[in-house]
Amino acid sequence: MKVGIIGAMIEEVTPLIETFRRLHCSISQEQLGGNTYYKVKIGEKEVYIAYSKIGKVHAAITASVMIAHFGCEKILFSGVAGGLAKDLKVGDLLIASKLCQHDVDISAFGHPLGFIPESSTFIQADSALNALAHKVAKQMGKNLKEGIIASGDQFIASESKKMWIIKEFGADAVEMEGASVAVVCNAFNVPFCVFRSISDSADGGADVSFDKFLESAAKVSAQFTLEMLKALGYALEI
Ligand code: SAH
């Protein structure tokens, strides 16, 4: 089995790579399309890990390469996000039920916000992977929320923009990559799951909160991703 794990920033994948190094897994690297892909062998199975760089286009490149070039059969995204829902606090973990692009707007032609013809406003995450994530969380005694993730090429750091995204898309969290990974995986019929740990509340203090909590929140998501790999049958003694 080949599972691809994508983060946007180096901080989001470093805890994973460090764990595989500590476990003395065989790791090789390949450069492609401006990114480094780490291939980790765990028994008979493989994991591909890369950080894409920030934003929907970069994440789409990485997801496409993972699937079409490396042959990944499942994609997990691990990273941080701004919390929109009132009950989401820094460090909480969320999986996407479905994802949308909040910055898509061809409403001048009568289309709903976020909608692209021949595509759809929302793309559902894989229900089997999400169910597995809930099972893993239960075993860990960890509180895992599930909700709508809105992605766009903007760091949301204002109460008014935050309220607008909640109103238009009913979103629970906001980030800059998930929906593009969802579009790619959906196009290639590859199951995917998006994990995000909350680094900030997408309000006026989001930049300060993000800088303060990026590393700790990224670790929460990475740790959970490792547990998911175990649940997917990877022989990891973490
Ligand atoms: N500090 C970085 C930029 C971070 S952009 C730098 O200067 O290089 C924010 C990243 O975290 C994106 O990858 C996005 O997916 C996620 N994110 C966390 N909080 C967010 C928010 N409030 N709005 C949008 N994306 C957010």
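A pocket, on a 1 Å grid over the protein atoms alone, is an open set of points where a 1.4 Å probe fits, with protein on both sides within 12 Å along at least five of seven lines. A molecule sits in one if more than half of its atoms lie within 2 Å of its grid points.

**Ground rules.** I'm working with a predicted model, so local features need pLDDT of at least 70 and side-chain atom pairs pLDDT 80 or more, while totals for chains, interfaces and linings use all residues. Residues are numbered from 1 along each chain as its sequence is written, and side-chain values use heavy atoms, leaving out hydrogens and water.

**Ligand.** I looked up its space first, and that is the largest pocket. Next I checked the shell (a heavy atom within 4 Å): 18 residues surround the ligand, and I156, M176, E177, D200 and F210 are the closest. Strands (DSSP E runs of at least two residues, numbered from the N terminus) β5 (74-83), β9 (173-175) and β10 (192-200) each give at least two residues to that shell.

**Polar contacts** (N or O pairs within 3.5 Å). I found a backbone N or O atom of M176 2.9 Å from a ligand oxygen. A polar backbone atom of G82 is 3.2 Å from a ligand nitrogen. From R196, a side-chain N or O atom is 3.4 Å from a ligand oxygen. Alone, the ligand exposes 570 Å², and the protein buries 77% of that (Shrake-Rupley, 1.4 Å probe).

**E46.** I found E46 in strand β4 (residues 45-51). Its relative accessible area is 12%, so E46 is buried (under 20%, 1.4 Å probe, protein chains only). Beyond four places in sequence, its contacts (heavy atoms within 4.5 Å) are M1, K2, V3, K39, V40, K41 and Y234.

Terms used
Helix = DSSP H or I, 4+ residues; strand = E, 2+ residues; numbered from the N terminus. Buried < 20%, exposed > 50% of the residue type's maximum accessible area, 1.4 Å probe, protein only. Polar contact = N/O pair within 3.5 Å; in protein donor to acceptor, adjacent residues only side chain to side chain. 1 Å grid on protein atoms, 1.4 Å probe; cavity = no way out; pocket = protein on both sides within 12 Å on 5 of 7 lines; lining within 4 Å.
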